[in-house]
Amino acid sequence: NGELGANNGIMNSKSAGLPSPPENDLWKYWNGKDWRTSTIFILPLIYPESYYLEYKGNDSEVGEMFRKESLGGLYVKQSQTQIKVMYYVKENPSPLYIMKSTKGQWVVSPYLEDTDSSQLMYQNRTTDPTPDQYAPWLVRIGNTFRSAQDISMSHIEEEDDVEAEDKLVLILSISFSVALVCSLIVIILLVFTRKKRTSTEEPTIDDNMYYGNEREDYNEGDTCVTDTNDYYD
């Protein structure tokens, strides 16, 4: 019954008077004859804090386009003060924007103004509230657009993930610095101990083998040579 759907909606929540749509399966839908309980869940839309864009394919022309226009990198979510929809920007080496065009497509462009001529790449979808991580992109090659399947678009959903990564890097840096200082201390102690041991050892004086010892013992049967000259008498 199209009239009933138009007047009362195609889907209705089971509960009435709620301040916001329920985020569970308490929904029913009109099948043309009566209302049926559904298994549809409604979740709030949360824009990711950032997207990381990179090309992982082997198409040399697409790869050259990514390199020439510096398409790869981190795009960070911005406020909605400049345009009416959410958009993302990559600052270096020059600003690039991921934004929703007036046609409803998510595009990458060096300008916030929506013009077909300024688009470097876009997703040929018009109903997605956010860029689709797995949908193909069409990349501008010369005066035409070519579909590219190997463009990776990963996102970070919360700022806490970035802070956790920064904390991990800081902890690793501190740990490395502490280990380096400890190693230097051990090396210095070893060198100091070695020098101290060398300075406290008494020198060893070898017997003067030229003049012989004052007393020499011989065993029975040994050959003994005696100097009978009286040079020193």
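This report describes the fold, the nonpolar cores and the aromatic pairs of a predicted model. Residues are numbered from 1 along each chain as its sequence is written, and side-chain values use heavy atoms, with hydrogens and water left out. Local features need pLDDT of at least 70 and side-chain atom pairs count only at pLDDT 80 or more, while totals for chains, interfaces and linings use all residues.

**Overall build**

The protein has 3 helices and 12 strands; these are DSSP runs, helices being H or I of at least four residues and strands E of at least two, numbered from the N terminus. Of its 233 residues, 24% are buried, where buried means under 20% relative accessible area, exposed over 50% and partly exposed in between, with a 1.4 Å probe and protein chains only. The accessible surface comes to about 17,800 Å², and carbon and sulfur atoms hold 53% of that surface; areas come from the Shrake-Rupley method with a 1.4 Å probe. Among contacts with a separation of 6 or more, 34% are between residues 24 or more positions apart, a contact being heavy atoms within 4.5 Å.

**Nonpolar cores**

A nonpolar core is a set of buried Ala, Val, Leu, Ile, Met, Phe, Trp, Tyr and Cys residues joined through side-chain atoms within 4.5 Å. The largest one has 22 residues, and Leu53, Phe66, Leu71, Val108, Met121, Val139 and Ile151 touch the most other members. At least two residues of this core come from each of strand 4 (50-55), helix 2 (60-69), strand 7 (96-100), strand 8 (106-109), strand 10 (137-141) and strand 12 (151-156). Leaving aside residues up to four places away in sequence, Val139 touches Val62, Met65, Leu120, Met121, Thr144, Phe145, Arg146, Ala148 and Ile151. Another core, of 8 residues, lies apart from the largest one and includes Tyr87, Val89, Tyr97 and Met99.

**Aromatic pairs**

The whole structure contains 4 aromatic pairs. Rings of Phe, Tyr and Trp (its six-membered ring) pair if their centres lie within 6.5 Å; planes under 30 degrees apart count as stacked, over 60 as edge-to-face and the rest as tilted. Two of the pairs are tabulated below.

| Pair | Type | Centre to centre | Angle between planes |
|---|---|---|---|
| Tyr51 and Tyr88 | edge-to-face | 5.0 Å | 75° |
| Tyr87 and Tyr97 | tilted | 6.1 Å | 55° |

Tyr51 lies in strand 4 and Tyr88 in strand 6 (residues 88-90), so their pair ties together parts 37 residues apart in sequence. Tyr51 is buried at 1% relative accessible area, and Tyr88 is buried at 0%.

Tyr87 sits in the loop between strand 5 (73-77) and strand 6, and Tyr97 in strand 7, 10 residues apart. Tyr87 is buried with a relative accessible area of 3%, and Tyr97 counts as buried at 15%.
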